[in-house]
Amino acid sequence: MARRAVVRLLLPDLALRVRGVLGARRRRLARRLQHRHRHRGDGGPDRGRGLDARHGGGRAPAGPGGRRAARWIARPRRAGVVEGGNVRDQEHRPVTLDGSAEPADVVAVADGAPVHVPDDAVAAVHRTHVMSRRLSTRVPTYGRTTGVGANKSVAVADDDQGLRILRSHATEAGPRLPARAVRAMLAVRLNQLCAAGSGIDPAVLRPLERMLNDDALPTVRTYVSVGTGDLGALAGTALTLMGERPATRPFAPMSPWGTDSALPFISSSALTIGRTCLAAETLGRLDRAAAVVYALTFRGLDGNPSVLSPAAVRAAASPGTDAVAERARLLLQPEGPGGPAAWQPARIQDAFGLRTFAVSQGAVTHALDTLTRQAARLMASAQENPLFDVAGEAVVHHGGFQQVALGLALDACNLAVAQTGPLVMSRIGMLDEPGLTGMRAFLASGPEGASGLMAAEAVAGATLAELRAAAQPASLGSVTISRGAEEDASFASQAITQTERAAAAYRTLLACELLGAVRLLRRRDLGLPAGLLRDAFDLTRTLPRDDTDRDLSADIDIAEGLLDDLGQVLT
């Protein structure tokens with residue numbers, strides 16, 4: 001309760017101070033980066049990854065989504081704010097969902113942007129629907145003329161089959177998921193349906209579009225699925241669309257569905273994919289913030305910049321290392337043509353926490369790129385089983401819905417984040433070490449024996465334990481369900497839960513390092529020259545200056561909130 005009271009007292013003043021600092025700094029950054037990009041001729045320090053478009057502007061990035069990046073980079077990331085289950089619109093720029101949307105679009109919709117489904121996308125879905133009805137009268141079709149799961153060989157001919165599938169599969173358990181995750185799921189599913197392979201009745205599209213725009217959401221709980229499809233979440237959504245379940249806001253229900261729409265709608269991993277889009281975007285911001293926090297620590301400890309040189313990057317021969325080293329160089333070099341760092345390195349060779357950052361963090365950058373690309377592929381693909389092949393006029397029964405690649409990409413991302421943890425702990429230890437800082441142990445002040453940042457190091461250690469637990473590969477497991485009809489259902493849905501846990505722990509870990517880096521730089525009063533690092537350091541003004549022994553919980557909370565803005569320095 002005391003911690004909450006402190007935060008409530010601090011937040012109004014901090015918000016005003018942050019807005020004032022950010023306005024001036026971002027105007028300077030925009031001018032500087034515009035000049036740099038004109039002379040560099042590339043997409044800036046984040047080339048090869050989508051830029052965070054939270055504040056708009058900038059060039060369209062190369063890499064995944066390059067074709068449509070300009071479409072979303074020009075749009076502020078938050079088109080609205082989800083508050084208490086309702087969307088408070090700030091802008092009215094709809095996201096087009098036509099089968100070609102990308103992860104950045106899902107993030108925008110999750111944050112409140114309205115959506116629009118073009119008429120030509122509806123027409124394409126209609127054509128497939130007509131063909132599917134014709135084919136299913138001639139060809140045995142899973143879920144339409146048969147039961148599902150272990151009942152796949154049972155012939156079914158009555159019209160209530162679809163409703164029975166939806167009602168029986170809308171079984172969930174556990175805590176409710178946040179509205180942001182639900183909106184992401186709906187955006188992915190609507191985009192997938194517009195890929196026009198499910199055979200669903202096009203009458204479903206407009207009510208689903210309206211559900212998002214009215215923010216009248218279904219309730220989705222935690223335990224709903226395995227990696228062959230988010231059946232429970234989507235079946236519950238279907239019942240909400242038809243009025244059998246309440247929505248979070250008033251919603252005019254549509255007519256009951258036929259069998260030709262029930263299984264096609266729920267045959268998807270849209271919830272897992274949508275949550276993946278959100279987690280990848282969050283980790284992308286933290287990935288950039290990690291470089292800023294590292295640079296602050298590096299400068300405070302007078303690190304040896306040779307570890308960031310092009311020669312060192314070539315020697316690493318590791319994907320992502322070049323991008324991370326470039327970010328660090330942009331931060332640490334003085335503004336203008338000053339070349340190398342303007343300080344004398346304190347050591348010939350630094351400890352691993354400073355020396356191998358680019359290689360270690362490069363693994364995170366590379367894993368996030370792979371994860372984002374896989375999410376983009378999945379949300380633009382018709383994966384329903386059965387699939388209706390319009391070109392071949394065929395019903396295709398398949399196993400393409402098995403989310404092995406997504407699960408592996410999530411696991412790789414979790415492992416990449418976890419392996420950075422010991423190096424962050426190493427840097428935190430360096431900041432606490434008098435032999436490296438020239439200060440008292442734990443950067444303490446006051447009476448002898450003061451604890452300083454000792455407890456913050458313990459908090460960081462707790463986050464490392466969480467990162468390691470979250471990195472246990474979910475892909476090592478699977479489950480047999482439905483009397484053996486699905487004998488190897490993956491745990492991709494568990495992998496995204498672990499990624500969300502990892503992101504939360506990683507944020508706290510970086511915040512603990514940030515506290516030490518800022519305290520050291522303030523003590524040394526180096527007078528940082530104008531440049532990106534100075535801009536980043538100025539953003540940390542909101543961190544309290546009281547270095548006496550006290551409860552640092554509120555400081556960590558503030559530092560966590562600063563990370564997103566620190567990452568913006570590099571965009």
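Is Thr272 buried or exposed? The views below come from a predicted model, and the first one settles that question.

**View A. Thr272 and the residues around it.**
Start with helix 10, which runs over residues 270–300 and has Thr272 in it. Thr272 has a relative accessibility of 4%, and anything under 20% is called buried, so Thr272 counts as buried.

**View B. Helix 7 meets helix 8.**
Here you're looking at helix 7 (residues 205–213) and helix 8 (residues 231–241), whose axes come within 11 Å and cross at roughly 95 degrees. Angles of 65 to 115 degrees go by the name roughly perpendicular, so that's what we call this pair. On the helix 7 side, Pro207, Leu208 and Met211 make the contact, and helix 8 brings in Thr237, Thr240 and Leu241. Sort the residues of this contact by class and you get 4 nonpolar, 2 polar and no charged.

**View C. The buried side chains and surroundings of helix 7.**
Stay with helix 7 for a moment: Leu205, Pro207, Leu208, Glu209, Met211 and Leu212 are buried there. These buried residues pack against helix 3 (103–110), strand 4 (115–116), helix 4 (119–136), helix 6 (179–193), helix 8 and helix 9 (259–266). Just after helix 7 comes Asp215, with a positive phi of about 55 degrees.

**View D. The largest pocket.**
Strand 10 has the largest share, with 4 residues. By class, the pocket lining has 12 nonpolar, 15 polar and 4 charged residues.

**View E. The second largest cavity.**
Which residues line the second largest cavity? They are Ile428, Leu431, Asp432, Leu453, Ala456, Glu457, Cys512 and Gly516. Helix 15 (404–431), helix 17 (454–470) and helix 18 (492–524) each supply at least two residues of this lining. By class, the cavity lining splits into 5 nonpolar, 1 polar and 2 charged.

Technical notes:
Residues are numbered from 1 along each chain as its sequence is written. This is a predicted model: local features need pLDDT of at least 70, side-chain atom pairs count only at pLDDT 80 or more; totals for chains, interfaces and linings use all residues. Side-chain values use heavy atoms; hydrogens and water are left out. Axes are lines fitted to C-alpha atoms, for helices over the stretch in contact, and angles run from 0 to 180 degrees between N-to-C directions. Angles under 35 degrees count as roughly parallel, over 145 as roughly antiparallel, 65 to 115 as roughly perpendicular and the rest as oblique. Contact means heavy atoms within 4.5 Å. Ala, Val, Leu, Ile, Met, Phe, Trp, Tyr, Cys and Pro count as nonpolar, Asp, Glu, Lys and Arg as charged, and the others, Gly among them, as polar. On a 1 Å grid over the protein atoms alone, a cavity is a set of points where a 1.4 Å probe fits but cannot get out, and a pocket is an open set with protein on both sides within 12 Å along at least five of seven lines; lining residues have an atom within 4 Å of a point. Buried means under 20% relative accessible area, exposed over 50%, partly exposed in between (1.4 Å probe, protein chains only).
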